[in-house]
Amino acid sequence: MTARTNEPERYYNYAYLDEQTKRMIRRAILKALAIPGYQAPFGSREMPVPYGWGTGGIQLTAAIIGPDDVYKCIDQGADDTTNAVSIRRFFAQVADVATTEDTAAATIIQTRHRIPEQGLTEGQVLVFQVPQPEPLRGLEARETETRAMHAYEEYGLQYVSLYESVATYGRIASTVGYPTMIDERYLMSPSPIPKFDNPKLDDNPAILLFGAGREKRIYAVPPYTRVRSLDFDDYPFETQTWEEDCALCGATESYLDEVVLDDSGERMFVCSDSSFCSDRRAAGHAGSMAGHQLATLDKAPA
Amino acid sequence: MAYVAVKGGERAITNAHRWLAEDRRGDPTIPEIEVNQIREQLSLSIDRVMSEGSCYDRDLAALAVKQARGDLPEAIFLTRAYRTTLPRFGASLPLETGQMAVRRRISAAFKDIPGGQVLGPTFDYTHRLLDFTLAANGETPLEGALEAEEPQAYPMATIASVFAHEDLLEPDTQTGAAAEPFDLTREPMAFPAGRDQRLQALARGDEGFLLSLAYSSQRGWGSTHPLCAEIRLGEVAVEFVPDELGFAIEIGELTLTECQMISTGAGGIETAPQFTRGYGLTFGHCERKAMSMAIVDRALRDAAQGEASAPVQDEEFVLYHSDNVEASGFVQHLKLPHYVDFQADLQLIRRLRREHADRQAAMKEAAE
Amino acid sequence: MSIAFDLARVAAGFSDPTRESQQVFRKLMDAMARPGTIYDLSQAPEPPSGMHRAAGAVALTLFDFETPVWLDPGLHTEAVEGWLQFHCGAPRVAEPRQAAFALVADLSAAPLLADFNAGDAKYPDRSTTLVIQLPSLEGGPRVTLTGPGIKSEATLALDGLRPGFWGEVQENHARFQFGVDLIFVAGDRLTALPRSTRIV
């Protein structure tokens, strides 16, 4: 864990946002929790990182974080991907907060595209960065139309699209951002997590907050909420599986990244969740390529 | 050849920042450009950054242009990110562009109008020939512009006042009774958009995007047959009423470009045929932007009247896609890692290919 | 609305607004995410007479010039109005339907839940959040809660509710996505019931 710097003087307000903006976001979070899966509009501010690079997640974190928090930030499951590093640095600097790569030690985990492999616990908050909050946007471009569909619970279009996918590919071909139904009322995009992670949304003990800065929407799933991935009786929801195990830690049930090793088609598969993988290696688990340089590169230098 | 995986993000980022700073500086044997040189000599860059950055501060815009290495959308982004942290004291009184101290004013509607045609500082009738003396000598000797023989009319009559006698031009209307206009920097976009929201979005909108939309309208994709009734450039006072005083005081002056486009309006049962208008306003001298904005503003009125068919008339399409800070961020976010998504796609494609091969084999077997 | 008040007589708010509002908000967020769980806000400053400490903490954390507030007639005192005006600057509304927040001191005399704003079909978040002061959050008739935020089921035994109140809460849930959201306070303590919670 990287300790707080306790820097007393700051040019910007604590956690960057001004207090009025925090109040506005906090009110939106409460309404989002009260209406699970509903996209609450909020007055998203311009942030010092580009839209599409986590401005929604950053604003959520900034509105909830305090100096007693322990903050973890991952992108593609890994703590050491460039944008995760950049955002973690931002909060270490503007919010005086301790940072960690350890999933269990974190109180706030900000993520792009993954849910950690290790189960979350009560008291943790998982903040998702969301590029496109509208699950129906790919089917209907107009916000005025999709908002009416949510208002009147008219989700036929979504089912037609899944059915067409079955007709074309012989299965539901959606692989990331797989549509979910929250507490049997609101259709919700889980953000572009792989459908491998969808079952983790259901009945999760943590608070799940979703922020879309550019699209100016906040939505939430409270703990222990029913999250159903859409499917058909004869084409039930299924998740990704691999024939390979993690080459570094030997994990058989984690989401794997594919790493190209040379230009003759050699490749290895490694856990996308870098913290999960290194914990396993530390506990003595070893995969077929244990000791590969990738295992030594994934720790950020102190 | 073996590949080294891109990991160790922390060191990579630090080093990339250093490299960027070196590149920004360029050849160190050449004197570093000063912010005041940018402010004075790249003034149209400053004007665009202030307009689309929604922040009137020439020095800040010049710093942004320098830091962004001349990349104007990047400079606009820097300005916006700074602006959002500034405290708000309140709303000024509406600007009185009729009281503008005019430096340039032209109308394409009349050969002459009260106040006359004033060309002012414009590229319009320059021949676009590269001036190699600027390169050779660093600068060309200035021949000062001649002073007018008679002082310019002040205030200079607006096109609205020229038309007023015949009631030919639709009047300006107040937008509702709200104490303050809609503010996109505080509230998300809402539809149908009020004209205040629309004009703010267009004023912050990307010049290139609005230019192309306006052009598409001229070419027939939602034409409004616009005519440039008036363009004016000059200085306007900003007035503010502090709570503790209760009366207006002048707190500064802005350079503005204003454009009024007019189109023939058929009128209705209640209203006689009249010219309708589209409005464009920018900080500084951004004439191309102001004209484009006015055409798009007029075209979007068709949307409000349910006549939309072309992209330029589609409120949701235009307003959701005009902001270059949003657009640039989202297009460029595709540079971020998408390993997880791609792995999911790879898996699906490989599986579909296996099934395809199995089917092919089965068909071949059946045929034999 | 501007209210004349004597600054010297306005009770203190947060001494460190950034820090303290963050701490209060985290408890509020947990409360809204875990209906029926009771949270302690004894660290919050002492509000003016008539307001419970936890209600004051909610006001200081969430109210501002963007949130119209409906104030219980029992709280129309110089101390309370001056304190809210000075620390929050929230506009006051007389009509319950216009309120983003409602501060209820005497539930028996307050408007029905259905009289407050339940949001609209497309924007159900544009609805009232009620902050209801009660004598105690425990010791009343026990009800069982289920729904989002609740692992299997939870119980709540709020004291001092008006007759038929749980029926109102059931009706409020029945018209989901419409509805108001409820924050109950008693002294230093707070619990929440969002519209998503089912009373069984």
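Modeller: Domain bounds come from an automatic or database domain assignment. Here chain A is divided into domain 1 (19-135 + 177-222) and domain 2 (241-292). Over C-alpha atoms, the centres of domain 1 of chain A and domain 2 of chain A are separated by 26 Å. This is a predicted model: local features need pLDDT of at least 70, side-chain atom pairs count only at pLDDT 80 or more, and totals for chains, interfaces and linings use all residues. Residues are numbered from 1 along each chain as its sequence is written, and chains are lettered from A and ligands numbered from 1 in the order in which they are written.

Biologist: How many residues does the contact take from domain 1 of chain A and from domain 2 of chain A?

Modeller: Two residues are in contact if their C-beta atoms, placed from the backbone, lie within 7 Å. The contact takes 14 residues from domain 1 of chain A and seven from domain 2 of chain A.

Biologist: Which element gives the most to the side of chain A that touches chain C?

Modeller: Helices (H or I, at least four residues) and strands (E, at least two) are DSSP runs, numbered from the N terminus. The contact takes 29 residues from chain A and 30 from chain C. Helix H1 (19-34) and helix H4 (143-151) of chain A each give two or more residues to this side of chain A, and H1(A) gives the most, with 11 residues.

Biologist: What supplies the largest share of the side of chain A that touches chain B?

Modeller: That contact takes 53 residues from chain A and 41 from chain B. The largest share of the chain A side, five residues, comes from E11(A).
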